[in-house]
Amino acid sequence: MVFARVKSLGLLGIDGFPIEVEADISQGLPGFDVVGLPGAAVRESRDRVRSSIKNCGFTYPVSRITVNLAPADVRKEGSVYDLPLLLALLRASGQLNVDLDSSAFVGELSLDGEVRPIRGVLPMVIAARYAGLKQVIVPSGNAAEGAVVDGIDVIPVSSVSGLIGHLTGTSPIAPAKPEDFPNLFVSNPAAPDFSDVCGQAAARRALEVAAAGSHNILLIGPPGSGKSMLARRLPSILPDMTQAEALDTTKIHSIAGTLPGGAGLLKSRPFRSPHHGVSVAGLTGGGSIPRPGEASLAHNGVLFLDEFPEFSRVAMESLRQPLEDNFVTISRVSASLTYPCSFMLVAAMNPCPCGYFGHPTRLCKCSPAVRSSYLSRISGPLLDRIDLHVEVPPVEYEQLSSNLKSESSAAIRERVNAARAIQLDRFKGANITSNARIPSGMLRKACPLTDAASAMLKNVFDRLGLSARAYDRLLKVARTIADLDKSEIIDTAHLAESVQYRSLDRKYWRL
Ligand SMILES: Nc1ncnc2c1ncn2[C@@H]1O[C@H](COP(=O)(O)OP(=O)(O)OP(=O)(O)O)[C@@H](O)[C@H]1O
Ligand SMILES: [Mg+2]
Ligand SMILES: [Zn+2]
């Protein structure tokens, strides 16, 4: 045989798709060409494949070799194709005569024929199942991700010789099973608990509302008041992800290579807190081999931006579109791709450079001009997208020194879960899971108001000079507050609390 074709899988955005690796061996000067939009890493395959072939007791064909990756119109990245390429060469040179038609192969090779882990196995295995294949051969380091998908055999291999033994039937390898992995479904290792936080009743309540409806929240207060401490406790009160959410979030982490070892499916919502020096690409994704950014790694979870004004202006503004659309688009020369990023933004900041503006006992040393320039780092449109603005005042001595334990995360989480269950029921079949994601078209129906609340809303709208977006967000937060109160209709108390979370910007921003 001089020609062979082996199935493999590629990635586009967060989804996998089938690829075919074709090898053609012809007479002529020895050479090696790859066609079909290969990325740089694919070109480097040759050396690894040649060395692996020799080290496993086969012969590398000394002829003219042409490799084609089909379909030719999508760029192929990474070292995923080492393994299918090796098999295509062995078949084309007549050294391996087994039927490979119902299998797909992915994996990077080391020079001595070991099979190394790659990124993106979960979406690839899902794509293989959709394509109707019987088995996918994956690096054993990625077996847990594959084991999550049922309806297809996922064969973990750690070396080329092991794979050949499996394919020829001399030593078959058993498919990976969920039972093989004790840590398959990962929950957060004990996140810190809200019972450690003294006082701060208002901020705790606001975080509960934010968690219940997945709303964006800004914490503002003097140094040492507990903003970072409060935000880091948020994961302890978030509901687990639904099955569909877990699958999407895990796909992103599979592609980014950020899954913990042995993990198949993430259950707890991600909590990402990038440093304020993060680049735009780091935040929203990009790079020569495209990678999801922090915003996408936080998909269905929390993106925590501590010391908010320290983030660069471009980084902050790059979040505006994702905050609205819940996905990011990365433009490539060959095609543009999208990564989902439906996250809850949590931001923390001081009210001024010295930190003490509005402090009950300490004096702020900043001039109005300095304060105003500091606050203006957070642009109006960005502020508009944050549903809850909350003041975190300094803790009082009595509260710090009191022996009274604060309410635990478990108790808060119970209320959050109950409110989330109401939302899941309300949005059944609508492809959203929280109030923060209600599309405008559904807003009126999802947020019925009492007559008194209606009148109040009109009044507030005029008085606060709200934008249409702020109006929508105000209603959504009121919806969540009513859900926490187990009330189908939104009443004045619910609305009033929601309005209160919207009025802080007047104190600080409209000087
Ligand atoms: N409400 C509180 N209850 C118990 N301890 C607290 C509280 N607030 C602050 N602390 C203590 O103070 C430390 C500093 O708090 P934290 O780092 O959260 O402050 P911050 O508001 O983020 O300050 P900065 O503006 O400087 O970032 C905490 O690690 C904790 O030990
Ligand atoms: Mg802090
Ligand atoms: Zn100040």
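Visitor: Among contacts in the protein between residues at least 6 apart in sequence, what percentage join residues at least 24 apart?
Guide: This is a predicted model. Its secondary structure comes to 22 helices and 18 strands. Of contacts between residues at least 6 apart in sequence, the share joining residues at least 24 apart is 75%.

Visitor: What share of the residues in the protein is buried?
Guide: The C-alpha atoms fill a box of roughly 85 × 45 × 45 Å along the principal axes. The protein has 511 residues, and the buried share of them is 44%.

Visitor: How far apart are the centres of domain 1 and domain 2?
Guide: The domain assignment places domain 1 at 3-180 and domain 2 at 194-508. Their centres are taken over C-alpha atoms. The separation is 43 Å.

Visitor: Which elements give two or more residues to the side of domain 1 that touches domain 2?
Guide: In the contact between the domains, 20 residues of domain 1 meet 20 residues of domain 2. By class, the domain 1 side has twelve nonpolar, four polar and four charged residues. The elements that give two or more residues to that side are β1 (3-12), α4 (121-130) and α5 (143-147).

Visitor: How many residues of β1 are buried?
Guide: β1 is one of the elements on the side of domain 1 that touches domain 2. The strand has ten residues and is mostly covered. The buried count is seven.

Visitor: Which residue takes a positive phi in the hairpin of β1 and β2?
Guide: β1 and β2 (residues 15-26) run antiparallel, joined by ten bridges. Along this pairing R5 stands opposite E22. Two residues lie between the strands of the hairpin, and the one with a positive phi near 65 degrees is G13.

Visitor: Which residues make up the covered face of strand β4?
Guide: In a regular strand the side chains alternate between the two faces of the sheet, so every second residue points the same way. β4 (residues 64-70) has an uncovered face made of R64, T66, N68 and A70. The covered face is I65, V67 and L69.

Visitor: What distance separates the C-alpha atoms of K134 and I489?
Guide: Along the chain, K134 and I489 are 355 residues apart. Between their C-alpha atoms the separation is 51 Å.

Visitor: Which strands are the edge strands of the open sheet?
Guide: Five strands form this sheet in the order β13-β14-β17-β11-β18, with parallel pairing. Each edge strand pairs on one side only. The edge strands are β13 (271-272) and β18 (388-391).

Visitor: What angle does the direction of helix α7 make with that of β18?
Guide: Helix α7 (residues 201-213) packs on the sheet. There α7 touches β11 (217-220), β17 (344-349) and β18. Against the direction of β18, the helix makes about 160 degrees.

Visitor: In β14, which residue stands opposite R272?
Guide: β13 and β14 (residues 302-305) run parallel. Two bridges join them. Opposite R272 stands L303.

Visitor: Which helix gives the largest share of the shell around ligand 1?
Guide: The shell holds 15 residues, and the closest are P223, G226, K227, S228 and M229. By class there are six nonpolar, eight polar and one charged. The largest share, three residues, comes from helix α8 (residues 227-232).

Visitor: Which helices do the buried residues of α21 pack against?
Guide: An α-helix has 3.6 residues a turn, so residues three or four places apart point the same way. In α21 (residues 492-500) the buried residues are H494, L495, E497, S498 and V499. They pack against α19 (451-464) and α20 (468-484).

Note on methods: Residues numbered from 1 in each chain as written. Chains lettered and ligands numbered in written order. Predicted model: local features only at pLDDT ≥ 70, side-chain atom pairs only at ≥ 80, totals over all residues. Near = placed C-beta within 6 Å. Helix = DSSP H or I, 4+ residues; strand = E, 2+ residues; numbered from the N terminus. Nonpolar A, V, L, I, M, F, W, Y, C, P; charged D, E, K, R; others polar. Domains from an automatic or database assignment. Contact = placed C-beta atoms within 7 Å. Buried ≥ 20, exposed ≤ 12 C-beta atoms within 10 Å, placed from the backbone. Pairing = 2+ DSSP bridges. Axes fitted to C-alpha atoms, helices over the stretch in contact; angles between N-to-C directions.
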